Amino acid sequence: MSIETEPFVFLDAIQHWAKAVSAFMILVIIAACGLSLLTHGKTGPVLVLRWIPRFFRDLLQLSPRRVFAIAQLTFREAVRRKALVVFGMFALLFMFGSWFMDNPNERMDLQVKNYISFVLTAITWLLLPVVLLISCWGLPEDIRNRSLHTVVTKPVRKTEIVIGRMLGFASLMTILVVAMGLTGYVWIDREVAHNLTVYSESFEVDGEETLVEYVDLDGSVTVRVTSGEDPTQVTTAASRSALRQDNPALYELTERARAEALKRHLVAKRPVLGTISFKGGDGGPTELGVNTGDIWEYRTYIAGGTQWRAIWDFENIDEVGILRGNGLRLESSFEAFRTHKGDDIQQPLLVQFTLVRVNRNVFRDADGNAVTVSAVRKTGESSYEASIDGATVPVNPVQVAAHEVEVRGNAYVLVDDPDVAVQVVETLKVPLPSFNIVEFGENITLIRSRVDFYDQDSGERRELDLFKDLVNDQRELRVEVACLDSGQYLGMAQRDLFVQLPSNSFAIGFAKAICGIWLMLAMIVVLGVTSSCFLKGPVASLLTLVMLLVGQGFKAFLEKIVKGDVEGGGPIESIIRIIRQINLTDDLPDTKFYAAVKSIDSFLNEGLYIVENIVPDFRSFQMDTYIANGFDVPWSHAMAPSIGIALAYLIPCLVIAYYSLSLRELEHK
Amino acid sequence: MDTNEAVSQEIQPEPEPDASQATAEPVAAAEPVAAAEPADEPVIKIRNLSKIYRDFWGRPKVQALNSLTLDIQKGEVFGLLGPNGSGKTTTMKLLLGLLFPSSGDITILGETATNVEKNERIGYLPEESYLYKFLNAVETLDFYGRLFNMSKSVRRERVEYYIEMVGLTHAKHRQLKEYSKGMTRRIGLAQALINDPDLVLLDEPTTGLDPLGTRDMKDLILKLRSEGKTVVMCSHLLADVQDVCDRIAILYEGELKQLGRVEDLLTEQGRTQLMTSKLDDSLIVEVTELLERRGATVESVDHPTSTLEELFLRTVEESRERPGRRFVPEDVVAPELVSEPVSEPVSEPGKSE
């Protein structure tokens, strides 16, 4: 799951894509020209170049009627091949799945996570092989049994065949995904409702805040209702139906509480993540917190009762969006590292949040050159000067966004240019009341738009407006977290604290996750149809499967190899290390032989670089973890990149498929 | 009237339309395509066409066609003959762009063989009807009609017309997988004609057809010619080719061995055949003596025989007109057969081919 703070920039992505595709196409054309020169002599390259504009001409002459006809035929063919049987298997899974999944001893949120993961995983893994096989075998089968001969001898463009095929398979896959998604949604809803036997919710009834607690265990139902100042009323019944008959009004109340509880469990939270940094024991900025000895450094720690602070800088604090949720909701989940047991090992730690208004500036001279902060002096209300190489020049502060700044060493610097120091000025600090945290659980802190606090400087209580006074001009807010328990440590990671926007409906979040599966399967269809244009069914299936496996499971490893982050060198070097039993951390002897080995490896690495960039990143389509963990699928960080990836592959695949089909002899086997 | 039309009228009389053709009105073309080539330009121009099949490593495996050069004119029925492996089907597939030439040039309807636009005016019946077996006849023709970008109303008209023309009305809603071989050929032919093509390429058109179907196919080819369409067929059923083709080319091991008009190639200029009404023996002797006196050599005198195809067709025609009539050999006594009441023959729809 990735909820990055930096949004996906479409324009940059398109530029990068255009460069990559152009480079790839030029390479292919050069290779084709070279090959044709060998096979056809001087006329070969001319023939190849003559084919280039045909694609664009065919694309312009595309007939929707022909495309639709081929798509419809493809759909019917796939249905005839019993592709819909997969839905039956899916239904079968659900009929018996709940036998093995219901666990009354498990926490409800974990059960919900299991249900959602199960549904989305089942849809993915049932459909993947079906979609892969039908899309890879369709065209080769048509070529093998020569049905395609009666199509290509009609005025059908190859683009129409390819697009029609893709659309046909995609429409079948869409029907299956939608049907399975709807079935899965209903199943999750019913399972969660069925297992919701203990809940407590509070809401207004006739103007009074009313708390309804419901327990349905061990064959009896107990309902406790606390309304306003009235004493708690406890009602018991033999069963839910008995409660319905005996006390319909109370039953209605429990139903309302049940609906609220369902909403709370089936939720799509919308988080706004911030960037994390720390303040050390001396109060200065530092990259990481204290290492308490964990090898896994996902979390680092702040020491309780010291000046250690964890700092989150949030951007895009949108007043309208946040106020819909009646204020700023901060959700946190921290992990404690205890150096002493204290009175009770279960005792929660005391934590305090402080809201800080900050300004981040970079000083630049008249030519736009950045100047080190330490060289800057203030000369007036808003005028500054700096000494550069002995000369004094006027400089201007330029505001920078939070995500452009990071901590390196003990200083704030620009992410893009770490040599440029950034001035971070805290103009206002508002400490909030301290509270006890629940470890490994949700801690919700609601900050109303009017913040009332005790000002230590003036010794008086003050009231500030959250958005006008504490959120800066760039709609940024800093939250400092301090642990108040001396001797204890509190572990923090970037995702441990976030601003919670008003939640989306679970149905929408679930639909987005289904969209992610759809996009992944659409990619398989595109890759499968493309590879089937130049390969036979089994080989096309194998190629598509390899793309899927590498893109899904080995992409990160591939990236590490290409970057040179994997110890042991390249393929040849690693083989030599294995044979000669040289440790990974040992340097290789400085000989000509090993220099040659490294050269070969670096050449092979270039090849891997190409492979890494050709294989689609299937991880981008995995959106199930968002919704399974109760989060909405973010548009800019998940949906947009995956749509972008699918579109980015569609166009080059179309080109490859077109030329593969056009330049091969369909009769020649 | 150009030479080809004159030749075709001379060679074959205009066939009588069958019942289905008589009832069905021709449907107007959805999008009439103007002929791109000049009137005297051949419809198909092949120059030094060679095809070499190669193995995986690009080494020559088989020379399927060797320097073929020929022209096929508008409005003629042209036959490509040859034994198996002579290069007939390869030529056909090169014309359609299913194979690429190793060398040489093809111009078909004024376009190169790989140009898709030319297919607007071409109908192709493959050697075996490689159609989608899960579709029925109506769906099949509708699908191919859509590939020609025909509107729904035109498609509907044409589908009905061609299904009736090929005699599949009774089976039009059955999936093609249930069709017999002959029925499959018929629907294959219908799909080849759905666009009312100017050029029809037929690969072994009569294979799998019974004599009735063969006759229908040959009648159809002649009808296409009478409509000014060009037909190119390849076959090794020589009698069929002889019946319908204006010109033929004989291929052997990928090379052109003979090319010309059928009657020119078959007529024996050094011999004469007289055909008269029945003569008695004395008159035959008299005529023979007269001829020998004048220096001619009489090689044989006998009664002409009909072809088996004609006999079969005549028998079937008579059976249709007089149902229930049976042939009882004179030397077999089967009174019970003769005394049976005559009943209407039950024609089984579908697999009657």
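Which residue is the bridge partner of A:Val351 in β20(A)?

Modeller: The bridge partner of A:Val351 in β20(A) is A:Phe435. Please bear in mind that the model is a predicted one. The mean pLDDT of chain A is 85, and 96% of the residues of chain A reach 70 or more.

The setting comes first. Chain A has 669 residues, of which 34% are buried. The secondary structure of chain A consists of 17 helices and 26 strands. The C-alpha trace of chain A spans about 90 × 90 × 55 Å along its principal axes. Of the contacts in chain A with a separation of 6 or more, 74% are between residues 24 or more positions apart. Chain A is divided into domain 1 (59–193 + 505–662), domain 2 (198–265) and domain 3 (273–503). Between domain 2 of chain A and domain 3 of chain A, the C-alpha centres are 42 Å apart.

We may now turn to the strand itself. The pairing of A:Val351 with A:Phe435 belongs to the contact between strand β12 (residues 350–364) of chain A and strand β20 (residues 435–436) of chain A, which are antiparallel and joined by 2 bridges. A:Val351 also stands opposite A:Cys483 in β24(A). That strand, β24 (residues 477–483) of chain A, pairs with β12(A) over 6 bridges, in the antiparallel sense.

Strand β19 (residues 423–431) of chain A is a further partner: 8 bridges join β19(A) to β12(A), and the two run antiparallel. Here A:Arg357 is opposite A:Leu428 in β19(A). Strand β16 (residues 391–399) of chain A is also antiparallel to β12(A), with 4 bridges between them. In this pair, A:Asn361 faces A:Gln399 of β16(A) as its opposite residue.

Strand β13 (residues 370–371) of chain A is another antiparallel partner of β12(A), through 2 bridges. The bridge partner of A:Phe363 in β13(A) is A:Val371. β12(A) and β13(A) form a hairpin with 5 residues between the strands, where A:Gly368 has a positive phi near 85 degrees. As a general point, strands of a sheet pair through backbone hydrogen bonds, either parallel or antiparallel.

Chain A also contains an open sheet of 4 strands, in the order β5-β26-β10-β21 (chain A), with antiparallel pairing. Its edge strands, β5 (267–273) and β21 (443–447) of chain A, each pair on one side only. From one strand to the next, the twist averages 40 degrees. Within this sheet, strand β10 (residues 328–332) of chain A and strand β26 (residues 497–505) of chain A are joined in the antiparallel sense by 4 bridges, and A:Glu331 is opposite A:Phe498 in β26(A). α12(A) packs on the sheet and touches β5 and β26 of chain A; the direction of α12(A) makes about 100 degrees with that of β26(A).

Finally, chain A has a partner in the model. The contact between the chains takes 23 residues from chain A and 23 residues from chain B. On the side of chain B that touches chain A, α3 (88–96), β6 (122–125) and α4 (137–147) of chain B each supply at least two residues. The largest share, 4 residues, comes from α4(B). That side of chain B comprises 16 nonpolar, 3 polar and 4 charged residues. Chain B itself has 12 helices and 10 strands, and 37% of its 353 residues count as buried. In chain B, residues 24 or more positions apart make up 69% of the contacts with a separation of 6 or more.

Note on methods. Residues numbered from 1 in each chain as written. Chains lettered and ligands numbered in written order. Predicted model: local features only at pLDDT ≥ 70, side-chain atom pairs only at ≥ 80, totals over all residues. Contact = placed C-beta atoms within 7 Å. Nonpolar A, V, L, I, M, F, W, Y, C, P; charged D, E, K, R; others polar. Buried ≥ 20, exposed ≤ 12 C-beta atoms within 10 Å, placed from the backbone. pLDDT = per-residue confidence, 0-100. Domains from an automatic or database assignment. Pairing = 2+ DSSP bridges. Axes fitted to C-alpha atoms, helices over the stretch in contact; angles between N-to-C directions.
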